[in-house]
Amino acid sequence: MTSVSSAVTLRRAVAADASAAADVWLRSFRAALPTVVSPRSDDEVRDHFREVVVPLRETWVAADAGAGIVGVMVLAGDELSQLYLRPDWRGRGLGDRFVALAKERSPGGLSLWTFQVNKPAHRFYERHGFVAVEYTDGSGNEEREPDVRYVWRP
C-alpha cells in the first residue's frame, strides 16, 4: 500500500471530531474483531466519545484533507488506551505515526491492552518494541474477552 500522505495530520481532537472519531472506532472494531461482542450499542459508543473520550481524555485524531477523520488514539497517562484506524486506512503507516506520537508523549514507557484474538495488533505492537507481560481470561474487561497487556520501555 501507499504511505500516508502529508495531507494527513495528527492533532488533538476537538468536540466537533467526536462523532467521526466514534465512527472510526465502530468501523475498526467490527473489522478487526468480528468475534468480539461490544457491550455498548453504536449510540452508546457515540455518546461516550462525545461526553467522555474527546472532552476528558488525551484524544488524538488523524485527519485527512479529503477523507476526514481516519484514525483515533487515546492516551491515559502512560497507557495507550485506544488506537483505531478506519479499515481502508490500515497499512499506510498511520498506526506507526500514532505509536511514535504516543512514545513521544510518554517517553518513560507505555502499556496497553489488546484482545488475544487480535493477532494483527500483537504483530503491530511487537514490531514497535512492545512485549506481552500479562494474559487474562477477560473477566476484567467489559467485553469478557481474553486479553493481553503489552509494555514498551525505552
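## Surface, fold and contacts of a predicted chain

The accessible surface of the chain comes to about 7800 Å², and 50% of that area belongs to carbon and sulfur atoms. Areas follow the Shrake-Rupley method with a 1.4 Å probe; for residues, only the protein chains shown count as cover. This is a predicted model: local features need pLDDT of at least 70, side-chain atom pairs count only at pLDDT 80 or more, and totals for chains, interfaces and linings use all residues. Residues are numbered from 1 along each chain as its sequence is written, and side-chain values use heavy atoms, with hydrogens and water left out.

**Overall fold.** The chain has four helices and seven strands. Their order from the N terminus is β-α-α-β-β-β-α-β-α-β-β. Helices (H or I, at least four residues) and strands (E, at least two) are DSSP runs, numbered from the N terminus. The C-alpha atoms fill a box of roughly 40 × 35 × 30 Å along the principal axes. A compact globule of 154 residues would have a radius of gyration near 15 Å, and the chain agrees at 15 Å. That radius is taken over C-alpha atoms; the globule rule is 2.2 Å times the number of residues to the power 0.38. Of the 154 residues, 44% count as buried. Buried means under 20% relative accessible area, exposed over 50%, and partly exposed in between (1.4 Å probe, protein chains only). Contact means heavy atoms within 4.5 Å. Among contacts between residues at least 6 apart in sequence, 63% join residues at least 24 apart.

**Strands.** β2 and β3 pair in the antiparallel sense over seven bridges. Two strands pair if DSSP finds at least two bridges between them. Three residues separate β2 and β3 in their hairpin. Trp 60 stands opposite Met 73 in β3. β3 also pairs with β4, again antiparallel, over six bridges. Here Gly 71 has Leu 85 in β4 as its bridge partner. The β3 and β4 hairpin has two residues between the strands, and Gly 77 takes a positive phi near 65°. Seven of the nine residues of β3 are buried, so β3 is largely enclosed by the rest of the structure.

**Cores.** A nonpolar core is a set of buried Ala, Val, Leu, Ile, Met, Phe, Trp, Tyr and Cys residues joined through side-chain atoms within 4.5 Å. The largest has 24 residues; Met 73, Leu 80, Leu 83, Leu 94, Phe 98, Tyr 125 and Phe 130 touch the most other members. α3 gives the most to this core, with five residues. Beyond four places in sequence, Tyr 125 touches Leu 80, Leu 83, Val 99, Leu 112 and Phe 130. Apart from this core lies another of 21 residues, among them Val 24, Trp 25, Phe 29 and Ala 63.

Tyr 84 lies in β4. Tyr 84 is buried at 15% relative accessibility. Leaving aside neighbours within four places, Tyr 84 contacts Val 24, Trp 25, Ser 28, Phe 29, Gly 71 and Val 72.

**Salt bridges.** The structure holds 11 salt bridges. Each is a side-chain nitrogen of Lys or Arg within 4 Å of a carboxyl oxygen of Asp or Glu.

| Pair | N to O distance |
|---|---|
| Arg 46 and Asp 23 | 3.0 Å |
| Glu 58 and Arg 105 | 2.6 Å |
| Arg 86 and Asp 88 | 2.8 Å |

Glu 58 lies in β2 and Arg 105 in α3, so this pair ties together parts 47 residues apart in sequence. Arg 86 is buried at 13%, whereas Asp 88 is partly exposed at 33%. Asp 23, Asp 43 and Arg 46 are linked in a network of salt bridges.
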